[in-house]
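Hi everyone, thanks for making time for this.

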Amino acid sequence: IHLKGSYRLPLNLIPMAVDFCERFFQDRPDVEAPIPDPTQQQDLLCTLRYRNVVGSDDLATATAELINQAPDLLGVQKADMSFIVPRYQAGLDVLEHLEVLNPEWVNLFRHIFSDGSRGRQRLKFSFHPDPDQPLGATIHSFQGWEARCLVLGIPALGDLDCGDPDNSYSRNYWTSVYIGLTRLVASQAGSHLIVVNEEPRLEGFFSHWFEPI
């Protein structure tokens, strides 16, 4: 079955996602830009906020700070929060900074981050969306799931000296960013996406669609 409309995304997130496809996917045939579902309620909208940390090496610190601030800032419960980052080490760093900011966060989170592969596997088997717990995962592990209040950490792509700007590493990077940006679900209570950005090529995009925080 081919679903023509984006029934789950907040309506005002869809133009942002379409613009991302046009800017960064270079007409890739394997990517389809989302299309609004005409039957979706028009008031199921989201807020879009971002913080640039380009050149600061503060991605994990800023992500933790915004997770800690979001419940008061957005008027949501801690259990509504989720965060996703590309790599396990980044997730561990976020949890470490959260523990410093507020120790009770660490025991609240259901996450998949561990130092060893066995620990990660065990956590993955027990990881599932839980309305009573905040969630932490890699972008890859969060595919197919959505959150109402999401903090997304985007690291820098870096300089690629292979002579091919469309190499597999670069394609996977932009794909993972797109996946992260579209993990938000439409909700009667409102949805919130906060992005922490370390990639300079995304600064103009975020300044166009997102409010600074």
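This is a predicted model: local features need pLDDT of at least 70, side-chain atom pairs count only at pLDDT 80 or more; totals for chains, interfaces and linings use all residues.

What does the burial look like on each face of β6? Ser191, Leu193, Val195 and Asn197 are buried on one side, and His192, Ile194 and Val196 are buried on the other, which leaves both faces covered. As a reminder, in a regular strand the side chains alternate between the two faces of the sheet.

Now the neighbours of β6. On one hand there is β1, residues 46-52, which runs parallel to β6 and is joined to it by seven bridges. If you want a place to look, find leucine 48, which sits opposite leucine 193 of β6. On the other hand there is β5, which also pairs with β6 in the parallel sense, here over six bridges. In that pairing, cysteine 149 has histidine 192 of β6 as its bridge partner.

Let's zoom out to the whole sheet. Seven strands form an open sheet with parallel pairing, and the order reads β3-β4-β2-β5-β6-β1-β7. Which strands stand at the edges? They are β3 (110-111) and β7 (211-212); each has a single partner strand, so one side of each has no neighbour in the sheet. Further along the order, β2 (residues 81-85) and β4 (residues 135-138) run parallel and are joined by four bridges. Within that pair, serine 82 has leucine 135 of β4 as its bridge partner.

Next, the helices. Helix α3, residues 88-101, packs on the sheet and touches β2, β3 and β4, with its direction at about 140° to that of β2. Helix α6, residues 168-181, lies across β2, β5 (149-154) and β6 (191-197), and runs at about 165° to β5.

Helix α6 has a helical partner as well. Its axis and that of α1 (residues 14-24) come within 11 Å and cross at roughly 175°. With angles over 145 degrees counted as roughly antiparallel, α1 and α6 are therefore roughly antiparallel to each other. On the α1 side, Met16, Ala17, Phe20, Cys21 and Phe24 make the contact, and on the α6 side Trp174, Val177, Tyr178 and Leu181 do. What classes of residue are in this contact of α1 with α6? Nine are nonpolar, none polar and none charged.

Asparagine 102 lies in the loop between α3 and α4 (104-108). Is asparagine 102 buried or exposed? Its relative accessibility is 19%, and it counts as buried because the cut-off is under 20%. Setting aside neighbours within four places in sequence, asparagine 102 is in contact with Asn68 and Lys78.

The other one is aspartate 57, in the loop between β1 and α2 (59-74). Aspartate 57 counts as exposed, at 68% relative accessibility. Its phi is near 60°, a positive value in a residue other than glycine. For context, most residues other than glycine have a negative phi.

Note on methods:
Residues are numbered from 1 along each chain as its sequence is written. Side-chain values use heavy atoms; hydrogens and water are left out. Two strands pair if DSSP finds at least two bridges between them. Helices (H or I, at least four residues) and strands (E, at least two) are DSSP runs, numbered from the N terminus. Contact means heavy atoms within 4.5 Å. Axes are lines fitted to C-alpha atoms, for helices over the stretch in contact, and angles run from 0 to 180 degrees between N-to-C directions. Angles under 35 degrees count as roughly parallel, over 145 as roughly antiparallel, 65 to 115 as roughly perpendicular and the rest as oblique. Ala, Val, Leu, Ile, Met, Phe, Trp, Tyr, Cys and Pro count as nonpolar, Asp, Glu, Lys and Arg as charged, and the others, Gly among them, as polar. Buried means under 20% relative accessible area, exposed over 50%, partly exposed in between (1.4 Å probe, protein chains only).
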